Amino acid sequence: METMTTQRPFSRRKARSRSYYTGAAAFFALGFGLATALYIATLQVDYVWRWNRIPQYFFYKEKEEIRADIEGEIEALAAEGENRRILIRGADGEKIIEVPAHDLRVAKGDLIAVGDVLGVREQWKVGLLMQGLWLTIKVSIIATVFGVFIGLFAGIARVSANPFFRWTAVTYVEIIRGSPLLVQIFIWYFVLGTLINSILAQVGIAQIPPPLWYGVASMATFAGAYVAEIVRAGIQSIHRGQNEAARSLGMSYAQAMVHVILPQAIRRILPPLAGEFISLIKDSSLLGIIAIRELTKATREVVTTSLQAFELWFVCALLYLVLTFTLSMCVKYLERRMIA
Amino acid sequence: MIDVRNLYKTFWLPQEVKALVDVSVEIAAGEVVVVIGPSGSGKSTLLRCLNRLETADAGHIFIEGVDVLDARTDINKVRAEVGMVFQSFNLFPHKTVLDNITLAQRVVRKRSGSEARQKAETLLKKVGIQEKARAYPDQLSGGQQQRVAIARALAMDPKVMLFDEPTSALDPEMIGEVLDVMKNLAREGMTMVVVTHEMGFAREVADRVVFMDGGGIVEIGTPEHFFTRPTHDRTKLFLSQILK
């Protein structure tokens, strides 16, 4: 196995035909052409690109003015690292306030009234897009964890001989896979959510679960059905002889499953499972409709305030691409590790 | 030890095949019974019915007085006492040789890790591949894999060993090493039921030979009787075909 991977770079060195280079050139020409066409089209509608306005939606500096809350005279200014310590003495007593040195607005001996600005403190804050990105990651991870659990059990139930387990799993999988995720999100939020919230209110529990919970629940049950099919296929791909060998040694169905079938099935399940998680990340963009401010919803909000729709939607797509691409790279690495 | 009475089994898919038709046979403790016959004669099905890998449609199987076909019988307990060796070895590819042999000991027999390991090492020595304990099955030759499979079955301290064409998937030069292990086992007094095409093994080791054809037992006898003066024409025909 290892020799195969080390040999690969050498096989790439072979001489390339002319059609290879023309093909490559055509590829880059196409990319460049499309980008140019888009740019020219935006000029036609007088769209002004303002990429410089985008970073502030990731991180921005917030300026906080530090004001005096007593009246008096500044008696002393002491250095305290990067800050200055201001001692104000007045009729009501004295007070020490710390202010960043570079934005100090007062000097020793100044008379201060209540509400006067002593200095300005700058702080980095996380912008809306970054918050949305984080929420998308959070929702995807939680839904993935629950989805794998649901899918693992449903997948095992799917191949069970017991009709209760098998029919339950088949019904679940078919219902989920046969209806749109958007509708499922609505059902979770507007039907199940309403029911659960009103019952909780009736029994006197004031804490109503936030929409995020219903969003995660809908994503997890959705992913679970697809994971179940992946798990089923993985289990069925293991040769029958493996089960027979395990059972002939006296292992129960469950023992054979846990010790023999599943460990082998997991290796085959991993690659399609990764594809499922990548879909999950993209599907989470639908959660905006139930007021979960994930990346897409956040982008929409930023577009409404900034009106820089073109840049922002490109950035939004790029962020999703970064997430999915990173994940698929990680899985490729894992796969290679497992095979070797 | 094993008592098979009027066993019937029909497969319906992909088409109707009467695999076993009124099969009755008794096997005593310590006996080595070799089952031979043309392919499709039902010999593998008979073997697989003995530990209920296939469920017979009608009839009875008693192993040490336990009714194998009774739904109330804990089949896992029966199987722990009945070792089975498969044509395609069926070793667990994700586990080392040692783990292959210790797994069922720990899970089914509830032995401690060190006890199971000791047992495994003793058995590996017995089948002559103790140096491969840390290897994975795909690093072994076919003959070595089959010997590990025998050790894996023996680790459960079975009362009977079933062999389902154990040498049919092997290269010719590896058949001998597997048959040697089986011969030693027979010499030690293990009760064995062996489905095989190795006539030499049948002649040398078997206490009795069972000849099957068309789902039924045609003839049972000692190897001496079977190979020198068989009674049935079908047996004579079969022997003339394979001993050409």
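Q: How many salt bridges are counted between chain B and chain A?
A: In this predicted model, the count between chain B and chain A is one salt bridge.

Q: What makes the contact of B:Arg48 with A:Glu244 a salt bridge?
A: The closest N and O atoms of B:Arg48 and A:Glu244 are 2.6 Å apart. The criterion asks for a side-chain nitrogen of Lys or Arg within 4 Å of a carboxyl oxygen of Asp or Glu. The pair B:Arg48 and A:Glu244 therefore counts as a salt bridge.

Q: Which elements of chain B each supply at least two residues of the side that touches chain A?
A: They are helix H2 (75-81), strand E6 (82-85), helix H3 (97-107) and helix H5 (142-154) of chain B.

Q: How many residues does each chain bring to the contact, and what area is buried between chain B and chain A?
A: Chain B gives 23 residues and chain A gives 18 residues. The buried area is about 1,700 Å², with 59% of it from carbon and sulfur atoms. The rule for polar contacts finds four residue pairs across this interface, both residues being at pLDDT 80 or more.

Q: What makes strand E4 and E5 of chain B a pair?
A: Strand E4 (residues 58-63) and E5 of chain B are joined in the antiparallel sense over two bridges. Pairing requires at least two bridges, so E4(B) and E5(B) qualify. Within this pair, B:Phe62 stands opposite B:Asp67 in E5(B).

Q: What is the order of the four strands in the open sheet of chain B, and why are E2 and E5 of chain B at the edges?
A: The order is E2-E1-E4-E5 (chain B), with antiparallel pairing. Strand E2 (17-27) and strand E5 (66-67) of chain B each have a single partner strand, so one side of each lacks a neighbour in the sheet.

Q: Which strands of chain B does helix H1 lie across?
A: Helix H1 (residues 43-50) of chain B lies across strand E1 (2-11), E2 and E4 of chain B, at about 120° to E1(B).

Q: What is the pairing in the open sheet of six strands in chain B?
A: The pairing is mixed, and the strand order is E6-E7-E8-E3-E9-E10 (chain B). The twist averages 15° from one strand to the next.

Q: How do you know that strand E7 and strand E8 of chain B pair?
A: Strand E7 (residues 160-164) and strand E8 (residues 191-195) of chain B share five bridges in the parallel sense. At least two are required, so the two strands pair. B:Phe163 has B:Val194 in E8(B) as its bridge partner.

Terms used: Residues are numbered from 1 along each chain as its sequence is written. Chains are lettered from A and ligands numbered from 1 in the order in which they are written. This is a predicted model: local features need pLDDT of at least 70, side-chain atom pairs count only at pLDDT 80 or more; totals for chains, interfaces and linings use all residues. Side-chain values use heavy atoms; hydrogens and water are left out. Contact means heavy atoms within 4.5 Å. Axes are lines fitted to C-alpha atoms, for helices over the stretch in contact, and angles run from 0 to 180 degrees between N-to-C directions. Buried area is the accessible area (1.4 Å probe) that two parts lose on being put together, summed over both. A polar contact is a pair of N or O atoms within 3.5 Å; within protein, one must be able to donate a hydrogen and the other to accept it, and residues adjacent in sequence count only if both atoms are side-chain atoms.
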